Amino acid sequence: MPASSKVVTPRPLREADLSRVEGVFTDVDGTLTTGHKLRSDTVRALERLSDSGLRVVLVSGRPAGWGEAWARQLPVDGVIVENGGLFFLRGKRGLRKVYLEAPAERVANRRRLQAEVARVLKQVPGARLSVDSAYTEVDLAVDYNEEARLGEEGAARIESLLHARGVTAVRSSVHVNCWLGRFDKLSATRRFARVAWGEKLEPRDGRYVYVGDSFNDAPMFQAFELGVGVANVRAVLDRIDAPPAFITRAAEGKGFEELARTLLARRSRRAREE
């Protein structure tokens, strides 16, 4: 990941214009989770957003298997997983799964991806697939900060080696996610909006917030006028391709809860004024 020539300092969340917000797209690891755990207060924040009529969609690098469980059990409108490889939404016939690639393309890419990642793992001591890669369908994840402890240097080397082999690779707060195919979190979010709601997400669309914390959130921070980083994003601000426009005071799940409180307060104030 190239270092930025100048660190852009996000503005405090209180300066964000949240008056037109209709929904929230959110990363999971390091954004909803706190110390790798999902706290009850954070789940309650999701519930409060949903109960208020706001759309809530999870956008994660985690596997399809996790995404299906989240879509069934959490108070959300949909789940985008594997860095945009597929998503889940509720339809008239129950839960629906949508891939961003055609079946033949997925099969070919999957076969090549597994071979390329296996080659790279042999070149980095201690590198291994994440435990949850067993539940992926489109991408794979190399663990550098969940069970493994490879550090920034190890993660950067894995990314570099994968890029050299033509594999897309980008870090979350725990894994180096890697895939082959023309998709990412942003392209999947745009398609999700078309399929689920019949809407086109406009450039810099102020109707939706995106909240995240790491490198693989950069395309979303760049595209969303209301791109919000939870406070732990500060650790990568000097290296992320596109920083968030705004930042919370609190880190991880508590930062998301702060966003939810702020958003609901603005929504309540607007209702009183109308």
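A salt bridge here is a side-chain nitrogen of Lys or Arg within 4 Å of a carboxyl oxygen of Asp or Glu. By that rule, 4 salt bridges cross the interface of domain 1 and domain 2. Keep in mind that this is a predicted model, where local features need pLDDT of at least 70, side-chain atom pairs count only at pLDDT 80 or more, and totals for chains, interfaces and linings use all residues. Numbering runs from 1 along each chain as its sequence is written, and side-chain values use heavy atoms, with hydrogens and water left out.

**Domains and their interface**

- The protein splits into domain 1 (19–100 + 183–271) and domain 2 (103–179), with bounds that come from an automatic or database domain assignment.
- Taken over C-alpha atoms, the two domain centres sit 23 Å apart.
- Domain 1 puts 22 residues into the contact and domain 2 puts in 18, contact being heavy atoms within 4.5 Å.
- Between them the domains bury about 1700 Å², 52% of it on carbon and sulfur atoms; buried area is the accessible area (1.4 Å probe) that two parts lose on being put together, summed over both.
- Lysine 97 and glutamate 137 pair up through their side chains in a salt bridge of 2.9 Å, N to O.
- On the domain 1 side that touches domain 2, α2 (64–73) and β6 (94–99) are the elements giving two or more residues, and α2 gives the most, with 3. Helices (H or I, at least four residues) and strands (E, at least two) are DSSP runs, numbered from the N terminus.

**Nonpolar cores**

- A nonpolar core is a set of buried Ala, Val, Leu, Ile, Met, Phe, Trp, Tyr and Cys residues joined through side-chain atoms within 4.5 Å. Buried means under 20% relative accessible area, exposed over 50%, and partly exposed in between (1.4 Å probe, protein chains only).
- The largest core has 65 residues, and those with the most contacts inside it include Phe25, Leu49, Val209 and Phe256.
- A second, separate core has 20 residues, among them Val117, Ala148, Leu150 and Leu161.
- Beyond its neighbours within four places in sequence, valine 209 touches residues including Leu18, Phe25, Phe224 and Leu259.

**Arginine 207**

- You'll find arginine 207 in the loop between α5 (185–197) and β11 (208–212).
- Arginine 207 counts as buried because its relative accessible area is 19%.
- Leaving aside neighbours within four places in sequence, arginine 207 has contacts that include Arg20, Glu22, Lys200 and Leu201.
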